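This report describes selected features of one protein structure, from its cores and helix packing to its backbone geometry. Please consult the sequence and the structure shown here while reading.

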Amino acid sequence: MRKIYLEDTPLHEAQVKFLQLFDLKPNVEMVPTTESLDRVTAQAIFANVSMPHFHASAMDGIAVKAEKTYSAHETNPLRLKLHVDYEVVDTGDPIPEPFNAVIMVEYLHQIDEETVEIIEPASPWKHIRQIGEDIVAGEMILPIYHKIRPVDQGALLAGGVLEVPVIAMPKVAIIPTGTEIVEPTLNLKPGDIIEFNGTVFASYVKEWGGKPIYKGIVIDDFNLIQQKVKEALEEADIVLMNAGSSAGREDFTSSVIASLGEVIVHGVATRPGKPVVLGKAYNGKPIIGVPGYPVSAYLALDWFLKPLMHQFLGLASPERRKIKVKLGRRIVSKMGAEDFIRLTLGKVNGQYVANPLSRSAGVTMSLVRADGLLRIPIQSQGYEQGEEVEVELYRSLEQIDQTIVFAGSHDLILDLLASAIRKQDSSYSLSSAHIGSLAGILAIRKGENHVAGTHLLDEKTGEYNLSYIEQYLSNTPVVLINLVYRQQGWIVQKGNPKQIQTIEDLTKEGIRYINRQRGAGTRILFDYLLKQVNLSPDDIYGYTREDFSHLSLAAAIKGGNADVGLGIYSAAKVLDLDFIPVAEERYDLIMTKEFYQSEAGQLLIQVITSDKFKSEVESMGGYSCRDTGKILYKNEVTGK
């Protein structure tokens with residue numbers, strides 16, 4: 001019988017309901033202090049010895065009786081004899097009896113090998129580290145439930161604590177399920193999916209203070225999964241099941257948990273991450289079933305496993321820093337579930353600006369590239385472009401402040417540019433959003449990016465970009481700089497099986513075209529080419545099918561979902577597809593005058609005009625850097 005969600009619980013309610021079930025009693029173990037970094041103390045730790053445990057000299061010099069030096073003065077120098085009035089000491093040496101002060105070597109006038117002269121008196125205990133100055137025997141060094149830092153290790157060792165009682169790391173068993181998943185390999189068959197979630201889960205467990213136990217892949221079979229979970233419950237403190245948490249015919253997570261204990265929650269009101277299963281086993285141990293889609297899984301771990309592990313370790317679950325940002329694009333949400341939107345962030349004109357990444361639960365790169373996370377409440381229908389919202393940070397503000405925000409037309413060399421900038425100055429990074437040439441220009445006008453990549457053809461003049469700047473940015477001081485000239489052409493499957501050579505060939509029966517989004521320079525070029533031969537969009541099957549980057553367009557053709565698309569040579573080359581040249585176009589960078597004059601702007605110019613960068617770009621094929629870095633246009637607030 002087909003399974004259904006038991007409920008659709010609000011996230012916060014599910015967290016409280018799950019976490020309050022477990023009164024975890026962790027084990028205590030002794031570890032050498034030298035190996036205790038990041039472990040959590042199981043009890044308060046007290047010093048066994050004082051630090052220092054003797055009166056020690058704090059300086060190089062001589063140890064003296066302070067009261068015998070009181071008569072010393074510039075007008076009345078005082079001479080002292082070795083072994084009678086003083087002893088020579090170095091920093092850290094014990095202070096011999098009966099001396100009680102140290103005079104620094106810099107203030108001594110050496111008369112002979114045994115006689116020194118001073119002109120200032122010493123005060124009692126001057127330049128002496130007395131017993132217990134740092135740590136006193138019996139003093140508490142660290143409290144209970146304290147995560148040990150490097151400086152803590154030093155204090156423990158100084159206090160004579162050679163072993164530390166710590167909470168044993170919670171053991172988390174990881175069980176990936178699915179008939180289609182395989183261990184990482186390059187020898188993939190159609191239908192194979194590489195199992196990488198287990199590695200990510202294990203790393204999160206380590207990061208949060210636990211010990212992962214990877215149990216290996218289990219195919220979609222109820223009895224096999226149940227047996228593996230039983231084994232895990234005997235050796236681990238927490239069991240983590242991956243995939244099979246939804247309501248499909250081979251989704252066994254909820255039924256396995258029910259057979260071994262109790263399902264507490266099945267389904268939370270979130271997007272992504274809805275099909276979460278939270279349970280309590282027969283032996284009182286928690287079981288968490290998370291979705292197979294990686295973004296859903298990683299968010300679910302953050303919501304449920306992370307606080308559970310911190311609870312186990314006696315630590316407060318840390319909260320990420322939050323800041324206010326302006327949205328660079330509209331974000332639509334459906335009421336009834338919390339939406340979690342991954343974002344890129346940057347600081348433009350003193351304002352933090354955020355742009356959404358892919359919302360698909362299966363796009364791991366949306367988390368790799370994310371700078372922050374936006375939570376949209378259950379009752380909200382989303383936010384408008386330009387609206388201010390609060391986001392949780394995945395990166396530090398210092399890193400975000402040093403991010404060059406790029407939004408505009410896509411090109412493969414943007415990744416090369418991002419790497420080159422990092423190599424030149426590792427404090428800077430480049431964040432790019434592929435929104436199309438026209439949208440990039442409009443973002444410049446709205447103060448939502450530093451740089452826009454554009455290749456917009458003016459059909460009347462045959463010129464690139466200038467007329468669009470005059471139309472949309474006449475009141476915005478900007479600089480137009482050439483990045484590259486690049487080849488646009490038909491990207492087709494290897495061997496060109498459909499024999500596509502001209503735009504007229506796209507009208508043949510059975511030819512499936514894939515287009516770029518509205519406002520993209522490539523889309524405008526295609527429309528121009530159609531007009532040149534008196535064709536209309538209705539003549540092209542697939543004209544309305546849109547993609548947002550040259551690489552994803554090429555991937556669709558590589559995968560057999562389309563036969564042809566207009567794109568750049570480098571995208572075809574990367575995926576080993578054929579390419580029929582159509583036109584060379586100019587791809588430029590538009591940046592605000594303020595950014596151009598800034599340190600980051602000049603860094604960008606320095607990088608793109610370097611011989612190394614231009615050489616690497618041209619080696620990709622389909623590019624010419626003959627004018628790279630050339631200023632093509634400048635305007636002030638009005639006029640050129």
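Strands, like helices, are DSSP runs numbered from the N terminus, and a strand has at least two residues. The model is predicted.

T454 belongs to strand 31, which spans residues 451-454. With a relative accessible area of 0%, T454 is buried, because the limit for that class is under 20%. Its side chain makes a polar contact with the side chain of N465, at 2.9 Å.

Leaving aside residues up to four places away in sequence, T454 touches S409, S437, I441, N465, R586, Y587, D588 and I590.

In soluble globular proteins, nonpolar side chains tend to be buried together. In this model, the largest nonpolar core comprises 43 residues, and I491, L589, M591, L604 and I608 have the most contacts inside it. Another core, of 34 residues, lies apart from it and includes V172, W208, I238 and F340.

Two packed helices are described by the angle between their axes and the distance between the axes. For helix 3 (residues 197-207) and helix 6 (residues 294-313), the angle is about 25° and the axes are 11 Å apart. Helix 3 is therefore roughly parallel to helix 6, since the angle is under 35 degrees. The crossing of helix 3 and helix 6 is right-handed. On the helix 3 side the contact involves N197, V200, F201, Y204 and V205, which meet P294, A297, Y298, L301, L305 and M309 of helix 6.

Helix 6 also packs with helix 1 (residues 11-19): their axes come within 11 Å and cross at roughly 35°. This crossing, too, is right-handed. Here L11, A14, Q15, F18 and L19 of helix 1 meet W303, F304, P307, L308 and Q311 of helix 6.

## Packing of helices 9 and 17

Helix 9 (residues 413-424) and helix 17 (residues 611-619) have axes that come within 11 Å and cross at roughly 155°. Helix 9 is therefore roughly antiparallel to helix 17, as the angle is over 145 degrees. Residues I413, L416, L417 and A420 of helix 9 make the contact with F613, E616 and V617 of helix 17. The crossing of helix 9 and helix 17 is right-handed.

## Backbone geometry in loops

Most residues other than glycine have a negative phi, and most peptide bonds are trans. The peptide bond joining M51 and P52 is cis, with omega about -5°, and P52 sits in the loop between strand 2 (45-46) and strand 3 (56-57). A cis peptide bond also leads from R271 to P272, with omega near -10°. P272 is located in the loop between strand 19 (270-271) and strand 20 (277-281).

D38, which is not a glycine, has a positive phi of about 70°. D38 lies in the loop between strand 1 (28-32) and strand 2 and is partly exposed, with a relative accessible area of 46%. N496 has a positive phi near 50° and lies in the loop between strand 32 (478-492) and strand 33 (513-516). N496 is buried, at a relative accessible area of 7%.

## An exposed loop residue

E319 is found in the loop between helix 6 and strand 22 (322-327). With a relative accessible area of 74%, E319 is exposed. The C-alpha atoms of E319 and K274 are 22 Å apart in space, and the two residues are 45 residues apart in sequence.

How values were computed. Residues numbered from 1 in each chain as written. Predicted model: local features only at pLDDT ≥ 70, side-chain atom pairs only at ≥ 80, totals over all residues. Heavy atoms only, no water. Core = buried A, V, L, I, M, F, W, Y, C linked by side-chain atoms within 4.5 Å. Buried < 20%, exposed > 50% of the residue type's maximum accessible area, 1.4 Å probe, protein only. Helix = DSSP H or I, 4+ residues; strand = E, 2+ residues; numbered from the N terminus. Polar contact = N/O pair within 3.5 Å; in protein donor to acceptor, adjacent residues only side chain to side chain. Contact = heavy atoms within 4.5 Å. Axes fitted to C-alpha atoms, helices over the stretch in contact; angles between N-to-C directions. Parallel < 35°, antiparallel > 145°, perpendicular 65-115°, else oblique. Left-handed = near helix turned anticlockwise from the far one by under 90°.
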